[in-house]
Amino acid sequence: MDAIDRKIVALLQENANLSLAQIAHRVGLSQSPCWKRIQRLEKAGVILKRVALVSPEAVGVGLTVFVSIESGDHSTAWLSKFAQTVTAMPEVMEFHRMAGDIDYMLRVAVPNMQAYDAFYKRLIDTMPLKNVTSRFAMERIKSTTAYPLPAEPRNPREGRKKG
């Protein structure tokens, strides 16, 4: 990705509703080469999809719970079944395999404590788990879907004095 690609990605992360003309203008290209770059970024898997961001409170799932899980089994078969089960649960917004003292971390969105309790019971009934710890978010202070885009890598020879 060059600097123009990074600008395109940054703009789309900020507002995917921008028209092609607006994006092209902001990155200093005409529409056709800008569109080709967007298509290339999509084909390369840089841009995965364009979505609407929704207020969890507005759609009735305002309680966020971070669930850390320790497993007694670390086999490939166990992980495969666990991953399949957990990814099928609509309340699970994110699911990560972790390094350190916990094995998995989930971000769960539910309407209230009763809904979380029902989710928790389904989760622990799926398969044996060593430990499940729930942490309830009291306030969302920052939430973004936009990844920071590092500056374009510099040429290693750049900046060296010729001597």
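In strand β3, V108 is the bridge partner of V65. That pair is a handy way into this predicted model, since it sits where strand β1 (residues 63-70) meets β3 (residues 104-110), two strands that pair in the antiparallel sense over seven bridges.

- Four strands form an open sheet in the order β2-β3-β1-β4, and their pairing is antiparallel.
- At the edges are β2 (92-97) and β4, each of which pairs on one side only.
- From one strand to the next, the twist averages 15 degrees.

- How many residues of β1 are buried? Six of the eight are, so this strand is largely enclosed by the rest of the structure.
- On the β4 side, E70 stands opposite N131.

**Helices across the sheet**

- Helix α4 (residues 76-87) lies across β1, β2 and β3. Its direction is at about 165 degrees to β2.
- Helix α5 (residues 113-126) lies across β1, β2, β3 and β4. This helix runs at about 160 degrees to β4.

**The α1 and α2 pair**

- Two packed helices are described by the angle between their axes and the distance between the axes.
- Here, helix α1 (residues 3-14) packs with helix α2 (residues 20-27) at an angle of about 135 degrees, and their axes are 10 Å apart.
- The two helices are therefore oblique to each other, an angle over 145 degrees being what counts as roughly antiparallel.
- The crossing of α1 past α2 is right-handed.
- Which residues make the contact? On α1 they are I4, K7, I8, L11 and L12, and on α2 they are I23, R26 and V27.
- By type, the residues of this contact comprise six nonpolar and two charged, with no polar ones.

Technical notes
Residues are numbered from 1 along each chain as its sequence is written. This is a predicted model: local features need pLDDT of at least 70, side-chain atom pairs count only at pLDDT 80 or more; totals for chains, interfaces and linings use all residues. Side-chain values use heavy atoms; hydrogens and water are left out. Axes are lines fitted to C-alpha atoms, for helices over the stretch in contact, and angles run from 0 to 180 degrees between N-to-C directions. Angles under 35 degrees count as roughly parallel, over 145 as roughly antiparallel, 65 to 115 as roughly perpendicular and the rest as oblique. A crossing is left-handed if the near helix is turned anticlockwise from the far one by less than a right angle, and right-handed if clockwise. Contact means heavy atoms within 4.5 Å. Ala, Val, Leu, Ile, Met, Phe, Trp, Tyr, Cys and Pro count as nonpolar, Asp, Glu, Lys and Arg as charged, and the others, Gly among them, as polar. Buried means under 20% relative accessible area, exposed over 50%, partly exposed in between (1.4 Å probe, protein chains only). Two strands pair if DSSP finds at least two bridges between them.
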